[in-house]
Amino acid sequence: MTSEEKDSDIMLDPQFIQESGEVYRNPTEVQMSQIVLPCHANHCGELSVGQLLKWMDSTACLSAERHAGCSCVTASVDDIHFEHTIGVGQVVNIIAKVNRAFTSSMEVGIQVTCEDLYTDRLWKVCRAFATFVSRRTEAGKVQLKQVIPRTQMEQMEYSLAAERRRMRLIHAEIITDLLSSSTAQLGTNTRF
Ligand SMILES: CC(=O)SCCNC(=O)CCNC(=O)[C@H](O)C(C)(C)COP(=O)(O)OP(=O)(O)OC[C@H]1O[C@@H](n2cnc3c(N)ncnc32)[C@H](O)[C@@H]1OP(=O)(O)O
């Protein structure tokens, strides 16, 4: 893989130069890099999913709290599909940023890549979307400030975040309905 192919595949957002001449960086963006040590690996010498999820959650939580300016909790993480394994000695890079804030919740996009420092290879591992909720204060529910998308990619993620939230809410409703109908069925069929 050439470095150009590598960049086009992995970079989420091209650099955006502001009027001031400075390169724009999303204020909620948090980056974390970690070399995989044997203590992070399973018996096959590959990074354990639990460890990766912990790093992803910590990085995303920092991003959410940077935006919220207060303590936040993880409410949910959407489906994650892992495309590659990561071995001991390789480097995990995690980038998280807030795609959109709603009322007290916000969607954080998380991108994970893996890097082999000795061969200069970089590849995608997974992408995930987590919802963080700002903790209630004595005054009640916290109203988050809105995210203002600045680049084309941020604008696209901002629009998609609303659609993903709509699907999450529908999904939660369907699961609740299914659970209550199966509980009702069990209740009717129970002979005890
Ligand atoms: C199991 C663990 O310990 S994991 C450790 C970290 N995580 C936690 O501790 C979270 C535990 N869960 C909670 O504290 C609560 O269920 C909460 C805060 C996530 C939600 O509490 P609720 O009483 O449902 O609050 P409420 O109905 O006001 O919803 C708050 C917001 O969360 C959103 N939300 C609630 N549940 C979910 C969910 N499962 N997925 C996505 N968003 C959610 C709501 O849509 C709402 O968003 P909005 O304010 O932007 O409109």
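**Exercise 1. Determine how much space lies in the second largest pocket and which residues line this pocket.**

*Solution.* Step 1: the space in the second largest pocket is about 300 Å³. On a 1 Å grid over the protein atoms alone, a pocket is an open set of points where a 1.4 Å probe fits, with protein on both sides within 12 Å along at least five of seven lines; lining residues have an atom within 4 Å of a point. A volume is the space filled by probe spheres set on the points, which are joined across faces, edges and corners.

The model is predicted: local features need pLDDT of at least 70, side-chain atom pairs count only at pLDDT 80 or more, and totals for chains, interfaces and linings use all residues. Residues are numbered from 1 along each chain as its sequence is written, and side-chain values use heavy atoms, leaving out hydrogens and water.

Step 1: the lining consists of Val-77, Asp-78, Asp-79, Arg-164, Met-167, Arg-168, His-171 and Ala-172.

Step 2: helix H3 (residues 152-189) provides the largest share of this lining, five residues. Helices (H or I, at least four residues) and strands (E, at least two) are DSSP runs, numbered from the N terminus.

Step 3: sorted by class, the lining holds three nonpolar, one polar and four charged residues. Here Ala, Val, Leu, Ile, Met, Phe, Trp, Tyr, Cys and Pro count as nonpolar, Asp, Glu, Lys and Arg as charged, and the others, Gly among them, as polar.

**Exercise 2. Describe the shell of residues around the ligand.**

Step 1: the shell divides into four nonpolar, six polar and three charged residues.

Step 2: oxygen atoms of the ligand lie 2.7 Å from a polar side-chain atom of Ser-104, 3.1 Å from a side-chain N or O atom of Lys-141 and 3.3 Å from one of Arg-165.

**Exercise 3. Is Ser-105 buried or exposed, and which side chain does its own side chain contact?**

*Solution.* Step 1: Ser-105 belongs to strand E4 (residues 105-116).

Step 1: its relative accessible area is 11%. Ser-105 therefore counts as buried (under 20%; exposed is over 50%, partly exposed in between; 1.4 Å probe, protein chains only).

Step 2: the side chain of Ser-105 makes a polar contact of 3.3 Å with that of Arg-165. Such a contact is a pair of N or O atoms within 3.5 Å; within protein, one must be able to donate a hydrogen and the other to accept it, and residues adjacent in sequence count only if both atoms are side-chain atoms.

Methods:
A residue is near a molecule or strand if one of its heavy atoms lies within 4 Å of it.
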